[in-house]
Amino acid sequence: MQPSPSSAQTPPRANLAGWLYVSPLVLVLVPFFVAPILVVLAASFFATDGFGGLTPDFTLASYIDVLHSALTLKLYLATIKFTALTWVFTLIIGFFVAYFLVFHVRNQLLAIGLFLLCTVPFWTSNIIRMISWIPLLGKEGLINQALLALGVIRQPLEVLLFSDLAVVIAYVHQLTIFMIVPIFNSMARIDKKLIEAAIDAGASRFDIMRLIVVPMSKSGIALGTIFVVSIVMGDFFVVKVMSGGGSASVVSAFYEDVGVLQYPTAAASAVLLTLVLVAIVSLILRTVDIRQEITR
Amino acid sequence: MSAVLADMPDSVAPETTKAIAPSKGGRPWTFYVLATLFSLYVIALYGPMFCIYILSFQDIRGGLVFPMKGHSLHWFVDLFTQVRTGDVKGSFDRSIKLAVIVTIITVAVSFLAGLGFRKRFCGDTFVFYMMIGSLVAPGLVLGLGTGLLFQALGLNASWYTSALGAQLSWTLPFGVLVMFAVMSRFDHVWEEAAYDLGASRWQSIRLVMITVLAPGLVAVALFGFTLSYDEFARSLQTAGSLNTLPLEIWSMTLNVTSPSLYALGTVTTIVSFIVIGASLGSIVLIQKKRGSRVRG
């Protein structure tokens, strides 16, 4: 994409052509993204008969319900806990995997091959990848069997599966790729001469990391963070399955609400969650111009 | 993922991207630490998946955990013949059809949007952020909104209408982002050369752009197919009465506790691997053909 003069100076013809090209995209996004969001927003103000019927109304009852419930705070705390833990682990693993591929693998073809090796599971089913932890983490799973055989534990550990630990493991397993790709991308753009110059000037390994690599990978980290945070906060099936029903998050509670046809409460909770998400994402976007990054 | 696929042609050739480890000569100790980390990551990435593939080949005594009990294809037969595991065959069929439709639309719309975003036009930022919004919005919430919208309009939700649209709201942003990465490597000069030689706009798109960008378009198709084929959260409230495959898997995770679940995981992953292999293979093939044409 070419840097171009501000859109105020673009001739009307270019505007028309631009809109023509993106019109199919807009024609999909308006009915299937904008309209559904507005419907959910509207539903959050509606009254309900308790059986799934909605009466057009303007009541804040659902919001008051949601905000007054002690459960809401608990759900948000649980969601934030899962998000924070997943973010920390995916960031650490993702950063160093990308660093290894960019700076330590000398053969370019090998680096691409290893990168693809990391990305292939992304194109397979998330649900299957999640349940694939069951034979490993279960009470009679491989890890417990191994620990028992080694004599480390006398009784099988029950916290491995159907626990918060299992939820975080499943998230990290699924989402690290969303950190690796953008960080890899921004690291690959760092001119290697810069690092050699730093070495020549006497910089230590730590200095190079702190002063060159981390600052220059910031945009990749920001992009990865947006992906990881929005996916974890919007997820419900990992929490539902991997916690064995023991934990809940904002969206899994939303799912339960929808299941019992409590649409307005569910909608109000969804609107609140979306607001929180928008706040977080725009905070991240303030540190990086995502469009510049992607299209550069 | 997007970037590396787009990168494949370039990164092999130019010298600026030649991998240079921070220090030449002997490997620094960090190499070994990070290589270990990387290997552990890859093992953790693939290990659990391979466990369920292996476990799906047990015989009738088989359970959900190791050790293996016998070897047979019992659970695969069970999967497609038993009624209690649900309509696997039908949902499999629907998912493939839906994924093909989504792929075609995603490639066409993303390509056009990619063309449109090359030049700035009035309102382009708005469209861009609408797309990002569609990407990060919680899938379940969007799905519910779409479902309610169809209900309010008196339309029946089905996999080829509401679920199709809901999935496009997920695959299109990915497709366009991949297109960005692909387009940023397209040199304007080629297009202008085509015009200078008397090509019409359509000819320059068909003969120059589509030909040059073919590997990128294959990558977009790969995203479209796999993201649709494995899509779950947005389809849940929009697929209507007939399930797609991920919805079938979801209901199985809740009530089936036999290796048929693993067998289904193996089958769906084989399909994913075939699609991934075919896509990456055709990208490599296109590149090779090009390389030989230039040399020959």
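Read along the sequence, chain B follows the pattern α-α-α-α-α-α-α-α-α-α-α. The model described here is predicted. In chain B, 47% of the 296 residues count as buried. Of the contacts in this chain with a separation of 6 or more, 76% are accounted for by residues 24 or more positions apart.

In helix α3 of chain B, which covers residues 74–81, the residues His74(B), Trp75(B) and Leu79(B) are buried. When α3(B) is viewed down its axis, these buried residues fall within an arc of 135 degrees, and they therefore line one face of the helix. Val77(B) and Thr81(B) are exposed, and they are carried on the face of α3(B) that is turned away from its buried side.

For chain A, 15 helices and two strands are assigned. The C-alpha trace of chain A spans about 75 × 75 × 30 Å along its principal axes. Buried residues make up 45% of the 296 residues of chain A. Among contacts in chain A between residues at least 6 apart in sequence, those joining residues at least 24 apart represent 69%.

Confidence was examined along chain A. The mean pLDDT of this chain is 86, with 93% of its residues at 70 or more. In chain A, confidence is highest in helix α3 of chain A (residues 70–104), at a mean of 93, and lowest in helix α15 of chain A (residues 290–295), at a mean of 66. Over residues 1–8 of chain A, pLDDT stays under 50. For this segment of chain A, the model has 12 contacts beyond four places in sequence.

The two chains touch each other through a contact that takes 91 residues from chain A and 85 residues from chain B. On the side of chain A that touches chain B, helix α1 of chain A (residues 12–43) gives the most, with 21 residues. By residue class, this side of chain A divides into 63 nonpolar, 21 polar and seven charged residues. In general, the size of an interface is often given as the accessible area lost when the parts come together.

How values were computed: Residues numbered from 1 in each chain as written. Chains lettered and ligands numbered in written order. Predicted model: local features only at pLDDT ≥ 70, side-chain atom pairs only at ≥ 80, totals over all residues. Contact = placed C-beta atoms within 7 Å. Helix = DSSP H or I, 4+ residues; strand = E, 2+ residues; numbered from the N terminus. Nonpolar A, V, L, I, M, F, W, Y, C, P; charged D, E, K, R; others polar. Buried ≥ 20, exposed ≤ 12 C-beta atoms within 10 Å, placed from the backbone. Arc of directions from axis to C-beta. pLDDT = per-residue confidence, 0-100.
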